[in-house]
Structures are given as structure tokens and as C-alpha cells.
Amino acid sequence: MSEDTQLPGIIRLLDKTLTWLALVLGGTTLIFMTVFSVWNVLIMRKALNSPIIGAEDLLILSLVVIVALSIPLGARTGAHIEIEVLESSMSARFAKWSLLAMKVLAFFLLAIMGWRLWHAGGTAAKFGETTQQLLIPYGPFYYLLAISALIYAVVIVLDIWQILRGGKVITLKVDGEDL
């Protein structure tokens, strides 16, 4: 029985959704950034001496989109950094409960971060938060980051559930199969 069949349906659905979003939307954004950068720098700036006004704004906001799409997927794949210096000297039971305590703390921090980002998205227009050249409002990007943080919080809750249920978290393996 593979690890994937041990996972409940909600986690498998979340894994497929996060993988699809990161690959399709993140890949599309990355293609846009690459083509747009090459077009702006090599053709418009170097060859024609007429760079595209606001290109930096579009590239910076594209980076925000890529980060927002990759955070929850990174959480499911275990790509985020964990420092396990003391784990080898802990008992298995203490290590499990300390991991659980850190996951609960992470959930609350991510929930607060998501809430504050959502609030910042609502007040961004009021305070005139826009890009410098094209005046693109930051509000939708705050909302996207808030959704990303809240999805990460959901991933943490599912991790806590897996720890309480079986003692370890089964992470998503992105290997190109079943996508």
C-alpha cells in the first residue's frame, strides 16, 4: 500500500489542487516573466533604446504571484527549512509533542498573518498603496498572499491531524507522476 493511498481524500484533493495551481499558474507567470524580461531588456532597451514603462512593476508583481502560489505547495512537499539540531537527543514521545506544539504555534501565526494580509488588502486603496510607475493597486496581491497564508494554515492543521493519527506527516512527492 503506497503512502498516497493512506492519505484521506481531502489531503489528496489538496495535493492535486496545489500542484496544478503551482505548475499551471506559476509556470504561466514564470513564462510571462521570462518572455517579458527578454523582450524589455534585449529588444526594447538594448536594440531600440526605448524600454517599456512600468516593466519593473509588472515583474515585481509577477514575483509576488509566484511566491504566493509556491508557499502552500512548499508546505506540503516539506520544502521549508526545519532545524532539527536537538531532535536526535530527544525521546520519540517528546519529539512528537514538541513538533506538535510547533505546528500549533505555526498555525496561529499563519492565521494571524493571513488575517492581517487580508486587512491590508482592504485598506491598501485607502492609503494609496500602488506600484510606482503604473499605479497598480497592491490590494489584490495582499489578498492573494492572505489566501496563500491561510492555505498554509490549513496544511498545518492537516499535518497536526496526521501527527495525532499516525505519528508522522506524509508529505507530497512531486515526481511528475499522476499530475
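## Largest pocket

Which element gives the largest share of the lining of the largest pocket? α4 does, with 12 residues. The model is predicted: local features need pLDDT of at least 70, side-chain atom pairs count only at pLDDT 80 or more, and totals for chains, interfaces and linings use all residues. Residues are numbered from 1 along each chain as its sequence is written, and side-chain values use heavy atoms, with hydrogens and water left out.

The largest pocket holds about 870 Å³ of space. A pocket is an open set of points on a 1 Å grid over the protein atoms alone, where a 1.4 Å probe fits, with protein on both sides within 12 Å along at least five of seven lines. Its volume is the space filled by probe spheres set on the points. Lining residues have an atom within 4 Å of a point. There are 33 of them, and Glu82, Glu84, Leu99, Met102 and Lys103 lie nearest the centre of the pocket. Two or more lining residues come from each of α3 (55-77), α4 (92-123) and α5 (139-166). Helices are DSSP runs (H or I, at least four residues), numbered from the N terminus.

By class, the lining has 19 nonpolar, 6 polar and 8 charged residues. Ala, Val, Leu, Ile, Met, Phe, Trp, Tyr, Cys and Pro count as nonpolar, Asp, Glu, Lys and Arg as charged, and the others, Gly among them, as polar.

## α4 against α5

α4 and α5 pack at about 160°, with axes 8 Å apart. Axes are lines fitted to C-alpha atoms over the stretch in contact, and angles run from 0 to 180 degrees between N-to-C directions. The two helices are therefore roughly antiparallel (over 145 degrees). Their crossing is left-handed (the near helix is turned anticlockwise from the far one by less than a right angle). The contact of α4 with α5 has 26 nonpolar, 4 polar and 3 charged residues.

## Aromatic pairs

The structure holds 4 aromatic pairs (ring centres within 6.5 Å, using the six-membered ring of Trp). One of them joins tryptophan 118 and tyrosine 143, 4.4 Å centre to centre. Tryptophan 118 lies in α4 and tyrosine 143 in α5, so the pair ties together parts 25 residues apart in sequence.

## α2 against α3

Helix α2 (residues 9-47) and α3 cross at roughly 155°, and their axes come within 9 Å. That makes α2 roughly antiparallel to α3. The crossing is left-handed. The contact of α2 with α3 divides into 19 nonpolar, 6 polar and 4 charged residues.

Note on methods:
Angles under 35 degrees count as roughly parallel, over 145 as roughly antiparallel, 65 to 115 as roughly perpendicular and the rest as oblique. Rings of Phe, Tyr and Trp (its six-membered ring) pair if their centres lie within 6.5 Å; planes under 30 degrees apart count as stacked, over 60 as edge-to-face and the rest as tilted.
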